Amino acid sequence: MPSLYKIPIQTLNKVGPKKAELFRKLGAESVGDLLRIYPRTYEDWSNPLTIEEAVQSDVCCVRARIEKICPPARIRGNMIIYKVIAADEYDHMNVTFFNQKYTYEKLRSGGEFLFYGCVRNNFGSYEMTSPAVSDTVSSVIHPIYPQVGTLTSKQIENAMQQAIKMLPEKTNDPIPRDLREKYGICNLDFAIRNIHFPVNNDAAVRSKKRFVFEELLILQLGIAMLNRGRICAVSHKIERDYTDEFLKLLSFVPTNAQLRSIRECIDDMLKLEHPMNRLIQGDVGSGKTAVAAAVCYTAVKNGLQCAFMAPTEILAQQHYESLTQLFKASDVHIALLTGSTTAAEKRRINDLLITGSIDIIIGTHALISDDVSFNRLGLVVTDEQHRFGVRQRSMLISKGDSPHIMVMSATPIPRTLALMIFGDLDLSVLDELPPGRQKTDTYLVDGSKRHRIYGFIKKHIENGNQCYIVCPLVEKGDSPLVSAEEYAESLKKTVLSGFRTEILHGKMKSREKDRIMNEFASGNIDILVSTTVIEVGINVPNATIMLIENAERFGLSQLHQLRGRVGRGKDKAYCILISDIQKESSLERLQVMCKTNDGFKIADEDLRLRGPGDFFGTRQHGLPELKTARLTDMMSLEAAGKAAAEILSSDPELEDKRHRALKFEVQRLFSFETIN
Ligand code: ADP
Ligand code: MG
């Protein structure tokens, strides 16, 4: 479809400059882009149900005849309520519309219509509220698109119909025919028509499957090509290992897993002909920071500068403090650069970086900014890598001359997925926790136990420990979910009223966040009521209780991260999950947390329960955004991985003309031209 990418969206009928702007927000600059905006879901009007069948289903399409049309009634202000009674052979139902004059006027007494929505049983009478209505003729499957601002799904559908008509007779399918046959994938022309306007359900499913496969194939080709590009580069070899010297600075004895990981990194830098490209995967609390510090130390002693990038300011600050402390008896110079560093300080730091007087710069993605340059950047460490985009990482890397790369991941990406996503990244696993750590006991309770738990927390605080309470939202909204601010307020009426409580959330100024985190770390705050901003990396060993409200709102891997904030010191720690949800499957999911503390098991379980789609969906991986992969399963990921390997083994640069369209799509997804 390359040529359709050159036709601006405004060419379409009824798409003026204003609408075009909304289409652009949706990701559609051109007609080609538009065709790649897939429906979020469908309304299936092709198979209408009876009223009785509809009561037993979710949202669906019902066929009924209009028995009676009631006169409109004004209930308050501008609200007008329209009621009709509709019936089929067996039952009748009340249908209510609010302010939908247009729909109401379409209805004729005695006429047969299709209603799309949810039929409820309200004490024996069947009801439908604000359904979509159509006369019986148009019984088809309708695409429902993601909405942006005032741009409705209907308007997108209208534009899409025009776009489909512009498809050339013969589309150039990026997936070569032999691959399609081998993996049971339908062709592009069929898929593009049927993902938007499916002839039946099966066609929609097959089309979706094709785009999932295509997307994962392109993703894996792109990753493989990005990684390979690096491998050809010349490296900053180092001369000597300074780990023994480093260990003298360390206040604890490293675990064997830490020693092994340090060794593996340093061997890469000493011996490989290409730069190190290593993923350090270790469960929360396994001591990844010390490994990074050790590797930085040897790099610095060999004359290299290091950049250490963390995903949040709090975390960058904390790394800065622990490394400053660790290196205070050495001559290693460290600086911190984040979004809240003042302009003057930034200039000063940058001058020192260029002259090479700063050895290790720690920071957030502020490090990527154009005005940051280095003297001899030789090692790039990214903590919690999955939070950064492939591009952000590449931009930092490009500030050095093929620097060594170390990526630390705390959310354990399931092994199968990691291998596929990171391809030929080497892997070090910290499979051992520092000695003396006790298992964090985890309990799942409902809200009725809350006050008993407060008593338990009180006892711990009186013993000198601290507590985290995590709530899903920041401010009070109309959602029933507990918000951090409200929550902190409500604690004043409980046994916890006498303790020092503070709140922490992502919308606070970073200076304020830092202040609170520092006070919590130094023990001046007893209870920290927070949103998930504390999820990554924070280290306060004296905190021993993690209470999580509305636990059902969080993914398992996220809960594991949160739980990892406690159990980091010598004292026994507890994690309490509060949830009033009654759904069996949600409870089963939360029970996984009570059964194991092993992050890998949890991640695998998460993957089993939710499918890898959510890894893509929540953008936990730092890869380009995928549009359909959310719908996928492990099978397509594996199949696409195999197909990618097959293609690259015979045509590593995608130069074959059979692969031209594929290469075009890979470049589009990764925007290579802006990376390199
Ligand atoms: P994570 O892997 O989650 O990033 P950190 O690097 O933050 O873990 O380490 C967690 C805590 O464990 C820190 O307080 C750190 O000082 C401590 N620690 C790390 N390694 C050891 C060790 N070998 N012995 C004792 N404590 C350790
Ligand atoms: Mg960490």
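**Strand pairing and helix packing in a predicted model**

Strand β19 is joined by four bridges to strand β21 (residues 527–530), and the two run parallel. The model is a predicted one.

**Strand β19 and its partners**

- Within the pairing with β21, valine 470 has serine 530 as its bridge partner.
- β19 also pairs with strand β22 (residues 543–548), in the parallel sense and over five bridges.
- In that strand, β22, methionine 546 stands opposite tyrosine 468.
- Five of the five residues of β19 (residues 466–470) are buried, so the strand is largely enclosed by the rest of the structure.
- Both faces of β19 are covered: Gln466, Tyr468 and Val470 are buried on one side, and Cys467 and Ile469 are buried on the other.

**The seven-stranded sheet**

- Seven strands form an open sheet with parallel pairing, in the order β13-β14-β12-β15-β16-β11-β17.
- Its edge strands, β13 (334–337) and β17 (426–430), each pair on one side only.
- From one strand to the next, the twist averages 20 degrees.
- β13 runs parallel to strand β14 (residues 360–363), and four bridges join them.
- Isoleucine 362 in β14 stands opposite leucine 336.
- Helix α11 (residues 288–301) packs on the sheet and touches β11 (277–282), β12 (305–309), β14, β15 (377–383), β16 (404–409) and β17.
- The direction of α11 makes about 170 degrees with that of β16.
- Helix α13 (residues 343–355) packs on the sheet as well, touching β12, β13 and β14, and its direction makes about 135 degrees with that of β13.

**Helices α1 and α5**

- Helix α1 (residues 17–26) and helix α5 (residues 153–165) have axes that come within 12 Å and cross at roughly 90 degrees.
- The two helices, α1 and α5, are therefore roughly perpendicular to each other.
- Lys19, Phe23 and Leu26 of α1 make the contact with Gln155, Ile156 and Ala159 of α5.
- By class, this contact of α1 with α5 has four nonpolar residues, one polar and one charged.

**Helices α19 and α20**

- Helix α19 (residues 556–563) packs with helix α20 (residues 584–595) at an angle of about 35 degrees, and their axes are 10 Å apart.
- The crossing in which α19 passes α20 is right-handed.
- On α19 the contact is made by Leu556, Leu559, His560 and Arg563, and on α20 by Arg589, Leu590, Val592 and Met593.
- Sorted by class, the contact of α19 with α20 has five nonpolar, one polar and two charged residues.

Conventions:
Residues are numbered from 1 along each chain as its sequence is written. Chains are lettered from A and ligands numbered from 1 in the order in which they are written. This is a predicted model: local features need pLDDT of at least 70, side-chain atom pairs count only at pLDDT 80 or more; totals for chains, interfaces and linings use all residues. Side-chain values use heavy atoms; hydrogens and water are left out. Axes are lines fitted to C-alpha atoms, for helices over the stretch in contact, and angles run from 0 to 180 degrees between N-to-C directions. A crossing is left-handed if the near helix is turned anticlockwise from the far one by less than a right angle, and right-handed if clockwise. Contact means heavy atoms within 4.5 Å. Ala, Val, Leu, Ile, Met, Phe, Trp, Tyr, Cys and Pro count as nonpolar, Asp, Glu, Lys and Arg as charged, and the others, Gly among them, as polar. Angles under 35 degrees count as roughly parallel, over 145 as roughly antiparallel, 65 to 115 as roughly perpendicular and the rest as oblique. Two strands pair if DSSP finds at least two bridges between them. Buried means under 20% relative accessible area, exposed over 50%, partly exposed in between (1.4 Å probe, protein chains only).
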